[in-house]
Amino acid sequence: MHQPLDRLELPTPDDLHLHLRDEAMLRAVLPWTARQFGRGLVMPNLPVPVTSTTAAAAYRERILAALPPGLDFEPLMTLYLTDETTAEEIRRAKASGFVHAAKLYPAGVTTHSAAGVTGLERVYDALDGLQDTGLILSVHGEVADPQVDIFDREAVFLERHLAPLLERFAGLRVVLEHVTTAEGVAFVRANRGRVAATFTPQHLLLNRNHLLVGGLHPHHYCLPVLKREDHRLALLQAATSGEGCFFAGTDSAPHGRDAKESACGCAGCFSAPTALELYAEAFDEAGALDQLPTFLAGHGARFYGLKPTTGTVTLVRERWEGPVCAPVEGQKPVIPFRAGEPLSWRALPRSSPPGFGE
Ligand code: NCD
Ligand code: ZN
């Protein structure tokens with residue numbers, strides 16, 4: 001008889017899409033990620049976006065300073081593309097060694113994207129720089145066009161913008177972040193080798209009913225918005241397929257409780273406290289726990305040209321409830337994704353500073 005796996009040892013994972021914010025929020029959320037992941041690709045959408053290598057260096061220092069003693073974590077930095085970004089800035093970023101991607105937010109598409117790109121033709125110089133240096137273009141793949149239904153915004157972006165862009169820049173390497181649709185995974189497969197995609201825990205576990213049925217669930221609201229069940233199943237199939245173009249990026253995106261539980265709530269799920277548990281649950285559902293190690297540590301590093309992480313983390317099959325709240329100094333706490341709900345896996349911390357996370 002087939003014995004269910006009840007303990008998994010994985011190479012230390014990489015979170016290849018992560019929002020760490022700044023100041024008190026950074027200090028509050030960083031330890032949760034650093035307990036589970038050895039590296040994280042840090043998104044640049046601060047209120048004042050990280051648009052230069054100099055700003056990325058300063059932000060990186062603030063992240064390292066916020067790390068509790070005993071936790072080692074490497075922030076992989078990104079630049080926020082604007083209409084003004086130059087190829088020269090991209091070359092500086094590449095030369096720094098610590099910037100690994102430039103992030104494209106179509107203006108108006110999500111949190112702190114107002115300074116984003118207003119037309120792709122305005123960033124051709126920067127894209128030339130990316131193509132020449134081999135730095136990755138990381139994409140929030142949705143249109144902000146008010147005429148396009150929110151559930152169609154990813155598919156329309158691929159057809160209207162990303163496909164022509166790949167034709168024009170034949171050497172550009174792209175990560176389609178937080179892919180949410182069957183069209184998205186098909187697009188990645190059709191452009192294998194130069195396009196990859198990250199998957200969030202919430203898009204692997206939930207569909208739009210979990211957002212909208214039985215009341216409005218603000219902690220399940222993120223962008224791109226959750227889609228129908230058939231899309232979720234397509235994502236789960238892709239993530240667990242073992243294909244090297246698919247890997248983990250949590251998109252853990254903390255907002256204070258007041259900003260989420262509001263008449264106009266912010267988009268973003270704070271999944272950092274139980275990210276590994278949530279991915280394990282999704283892979284378990286698909287009967288594909290054997291594919292979890294390379295999805296979490298391997299495929300992403302290879303696409304980004306990073307050396308493998310060192311050390312391991314352990315997951316055990318155990319029923320428990322994740323933390324219900326993450327305190328933030330001087331502010332309302334952040335409510336974790338699936339707070340207080342039963343989980344079927346538990347990650348043993350890589351190391352834990354005294355008194356942390358209890
Ligand atoms: C992110 C945030 O809050 O910064 N929100 C989200 O819903 N995913 C921005 C983003 O990645 O779109
Ligand atoms: Zn994000």
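Biologist: What makes His17, His19 and Asp251 the residues that coordinate the zinc ion (ligand 2) in this predicted model?

Modeller: Donors are N, O and S atoms within 2.8 Å of the metal (3.2 Å for Na, K and Ca), and water is not among the atoms, so sites may look incomplete. His17 (NE2), His19 (NE2) and Asp251 (OD) sit at 2.0 to 2.1 Å, so they count. This is a predicted model, where local features need pLDDT of at least 70 and side-chain atom pairs count only at pLDDT 80 or more, while totals for chains, interfaces and linings use all residues. Residues are numbered from 1 along each chain as written, chains are lettered from A and ligands numbered from 1 in written order, and side-chain values use heavy atoms, without hydrogens and water.

Biologist: Why is the arrangement around the zinc ion (ligand 2) called irregular?

Modeller: Four donors are tetrahedral if all angles lie between 85 and 135 degrees; four are square planar and six octahedral if opposite donors are over 155 degrees apart and all others between 65 and 115; anything else is irregular. Here the four donor atoms subtend 92 to 141°, so the arrangement is irregular.

Biologist: How do you know that His19 and Asp251 are buried?

Modeller: Buried means under 20% relative accessible area, exposed over 50%, partly exposed in between (1.4 Å probe, protein chains only). His19 has 7% and Asp251 has 5%, so both are buried.

Biologist: And what makes Val139 count as buried?

Modeller: Val139 has 0% relative accessibility, so it's buried too. Contact means heavy atoms within 4.5 Å, and Val139 touches residues including Phe157 and Leu176.

Definitions and conventions: Lists of a residue's contacts leave out its neighbours within four places in sequence.
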